[in-house]
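Here's a quick briefing on the cavities and the salt bridges of one model. Have the structure open as you read.

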Amino acid sequence: MAVFFISANLKPIFQEFEMYTLFTKLGVFISFLLSAMVLDFIAKKNELTKRSGFKILIFAVCSVSFLAILQDNQIIVANLCVLLALRRVISLKSRKDIALKIFDATFWICIASLFYFWSILFIFIVYFGILFHAINYFKNWLIPLVAVFVVFILVTTFHLIFHDDFYTWAAWFQNSSFKFENYQNLSVLIPISIILALSFWTLSHYFKLYNKSGIRSRPTYLLVFITLLISVMVAILSPVKNGSELLFFFVPFSIIASNYFDSKKEKGFKEVLLIVLILMPILLPIFL
């Protein structure tokens, strides 16, 4: 991850060298690495996968296969915030500190939306978490609204102090684009095709795991799948279609695909798939 990120950002950093740009990229790089670590923590803590490195490998390989992701500061930071929110939502199953976890999850999603507007759709994950784990208390359904209001107050205060202006809807909102011309570029089309094909292939195994899981574990599996669906919607509504919009998708996909690679069946076929995935970010820049 480090090698690909640095190589993708060397030109932007040194083309017009500024300390601000350097420290910004350093912060984004740390966020990128933290995303992988938080993903690993979520999967292990909640026993979503076995204690293997497949989820990190899949997330890393998919992420570095798209140059647009590595150069997009906003979406990398937003993705980390969404991961922190997902961690809190999934932890609702412990039935401890429910109100605080709901508030934290909504808070992180609102922060993510400041960097990437359409990530606000992940607030539905919070409500699904409430539906699965905390439906009995009506006040839990109101806590996300409180968190949204708190973020609004904080952002407004920040802008008034440092910019002497209100934070407006126009500054927050990002228009959707339905122009998919960039997907015709082979450097985007090939990795998307491979990842989507693998997604459909591994989902069947994931649903089998869901059916075999206990009643207590099923809501967590469902939350991961719902996150996958929302990430698809975020990608469809994204303002730019260049591959960067898929970063949110790679989080639940890594967990789902990891379960497939952790299984004992089809070892030879899975080794071929892994080789294809690993070679994908290496060969694409060479031949395309």
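This is a predicted model: local features need pLDDT of at least 70, side-chain atom pairs count only at pLDDT 80 or more; totals for chains, interfaces and linings use all residues.

Residues are numbered from 1 along each chain as its sequence is written, and side-chain values use heavy atoms, with hydrogens and water left out.

**Cavities**

- There are two cavities of 30 Å³ or more; a cavity here is a set of points, on a 1 Å grid over the protein atoms alone, where a 1.4 Å probe fits but cannot get out, and lining residues have an atom within 4 Å of a point.
- Volume is the space filled by probe spheres set on the points, with grid points joined across faces, edges and corners.
- The largest cavity is lined by Val 82, Ala 85, Leu 86, Val 89, Ile 109, Phe 122, Ile 125 and Thr 227.
- That lining splits into seven nonpolar residues, one polar and no charged (nonpolar: Ala, Val, Leu, Ile, Met, Phe, Trp, Tyr, Cys and Pro; charged: Asp, Glu, Lys and Arg; polar: the others, Gly among them).
- Helix α5 gives the most to the lining of the largest cavity, with four residues (helices are DSSP runs of H or I, at least four residues, numbered from the N terminus).
- Around the second largest cavity sit Asn 79, Val 82, Leu 83, Leu 86, Phe 122, Thr 227, Phe 248 and Val 251.
- Two or more residues of this second lining come from each of α5 and α12 (247-262), and α5 again gives the most, with four.
- Its make-up is six nonpolar, two polar and no charged.

**Salt bridges**

- The count is three salt bridges, each a side-chain nitrogen of Lys or Arg within 4 Å of a carboxyl oxygen of Asp or Glu.
- Asp 40, Lys 44 and Lys 55 are linked in a network.
- Lys 44 pairs with Asp 40 at 3.3 Å, and both lie in helix α2 (residues 19-45), four residues apart, about one turn of the helix.
- Asp 40 also pairs with Lys 55, at 3.5 Å between the closest N and O atoms; Lys 55 is in helix α3 (residues 54-64), so the pair ties together parts 15 residues apart in sequence.
- Arg 88 and Asp 104 meet at 2.8 Å, N to O, and they lie in α5 (residues 73-90) and α6 (residues 98-115), so this pair ties together parts 16 residues apart in sequence.

**Burial**

- Asp 40 counts as buried at 18% relative accessibility, and Arg 88 does at 14% (buried means under 20% relative accessible area, exposed over 50%, partly exposed in between, with a 1.4 Å probe and protein chains only).
- Lys 55 is buried too, whereas Lys 44, at 30%, is partly exposed.

Technical notes:
On a 1 Å grid over the protein atoms alone, a cavity is a set of points where a 1.4 Å probe fits but cannot get out, and a pocket is an open set with protein on both sides within 12 Å along at least five of seven lines; lining residues have an atom within 4 Å of a point.
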